[in-house]
Amino acid sequence: MKASSSEKLFYTMNYILLAIAGLSCLLPLIHIVSLSLSDYHAVVSGQVFLWPVRWTVDAYVTLIEGTNIVRAFQNSVVITVVGVALSMSFTIMAAYPLSRNYFFLRRFFSLAAVFTMLFNGGLIPTYLIMSNLGLVNTYAVLWLLGLVSVFNMMVLRTSFESLPPEIDEAARMDGCGEWRYLFRIVLPLSLPVLATLTLFYGVAYWNAFISVLIYINDSHRLNLTVLVQQMVQSQSLLSEVNQQSSDVMSLTPESMKSAGIIIMVLPMLIVYPFLQRYFVKGVMIGAIKS
């Protein structure tokens, strides 16, 4: 059907607004990449905008060799990989029974979970509990605090509920038990929403900031997000690098900060395309109950 003039105008305005929104997200990232790959004089003179001027990777080399960014990167990987594995496991184990109509405490636990989205014990009581458990200055405190996101669990529960009941009935008639039904039927049919929630948890653990500042005191255990924030907020890291670098004039604070930011966001940019095809479908399946 041919679009009317008003519809064409509507689509055109949509395209323009979406293009502006996309460029507002993309251009700052391109500018940061250009700063990290440009030499000292180009950055100082303000010649760098959307394309590197006189390409150099000195900022990345010096950052890797002269700071703890490699250790921080490894810490972030450990926090994220273990955290995502634990969170997905416990989210599945919480969502599956709440999706079964024959679970007699389903309503009680669902309301209890939703209650925690509105109210919590507060920062100080939580810190005291973690301290009494001996979890302060360990990654276990980060994994425990982020173990189950109620929002993610509700999305997964709704996804499980949307599966046709005929599948459940056929599996029961064939003698399928709960664990076998979950791992052989429910989870394979829920791959889009599982991939989406994996991405949600991965981004949350990778970008963990406040919890790391509060509970991790050892500088060798800090993750990449906190280290980059320290670089942006102060000149101490650059001074440390300058003491170890023989060519300090080849670096600027802007280049060092930009390189650190790119190292921080690059893993998520690499992972996202592999999960993108599941993203929209997973959110829609988990948000709309058929």
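I began with Leu-156, which touches Thr-91, Ile-92, Ala-95, Val-193, Leu-194 and Leu-197, leaving out residues up to four places away in sequence. Contact here means heavy atoms within 4.5 Å.

I noted that this is a predicted model, in which local features need pLDDT of at least 70, side-chain atom pairs count only at pLDDT 80 or more, and totals for chains, interfaces and linings use all residues. Residues are numbered from 1 along each chain as its sequence is written, and side-chain values use heavy atoms, with hydrogens and water left out.

**Entry: the cores**

I looked up the largest nonpolar core and found 39 residues, of which Leu-156, Phe-160, Val-186 and Val-212 touch the most other members. A nonpolar core is a set of buried Ala, Val, Leu, Ile, Met, Phe, Trp, Tyr and Cys residues joined through side-chain atoms within 4.5 Å. Buried means under 20% relative accessible area, exposed means over 50%, and partly exposed lies in between (1.4 Å probe, protein chains only). At least two residues of this core come from each of helix 4, helix 7 (139-145), helix 8 (150-161), helix 10 (178-189), helix 11 (191-206) and helix 12 (210-215). Helix 4 gives the most, with seven residues. Another core lies apart from this one; it has 17 residues, among them Ile-69, Leu-227, Met-256 and Met-268. In soluble globular proteins, nonpolar side chains tend to be buried together.

**Entry: the whole chain**

I recorded 15 helices and zero strands in the protein chain. Helices (H or I, at least four residues) and strands (E, at least two) are DSSP runs, numbered from the N terminus. The chain has 290 residues, and 38% of them count as buried.

**Entry: Leu-98 and its surroundings**

I placed Leu-98 in helix 4 (residues 69-98). Leu-98 counts as buried because its relative accessible area is 6%. Beyond four places in sequence, Leu-98 touches Phe-103, Arg-106, Phe-109, Ser-110, Met-153, Arg-157 and Glu-161. I also checked Met-154, 56 residues from Leu-98 along the chain: the two C-alpha atoms are separated by 8.9 Å.

**Entry: the aromatic rings**

Rings of Phe, Tyr and Trp (its six-membered ring) pair if their centres lie within 6.5 Å; planes under 30 degrees apart count as stacked, over 60 as edge-to-face and the rest as tilted. By this rule I have 12 aromatic pairs. The pair of Phe-103 and Phe-104 is edge-to-face, because the ring planes stand at 65 degrees, with the centres 6.2 Å apart. Phe-103 is partly exposed, with a relative accessible area of 24%, whereas Phe-104 counts as exposed at 71%.

I returned to helix 4 for Leu-86. Leu-86 is partly exposed, because its relative accessible area is 31%.

Where is the place of Asn-223? I found Asn-223 in the loop between helix 12 and helix 13 (224-233). Is Asn-223 buried or exposed? Asn-223 is buried, because its relative accessible area is 0%. Leaving aside neighbours within four places in sequence, I listed its contacts as Ala-72, Asn-75, Ser-76, Ile-79, Trp-206, Ala-208 and Val-212.
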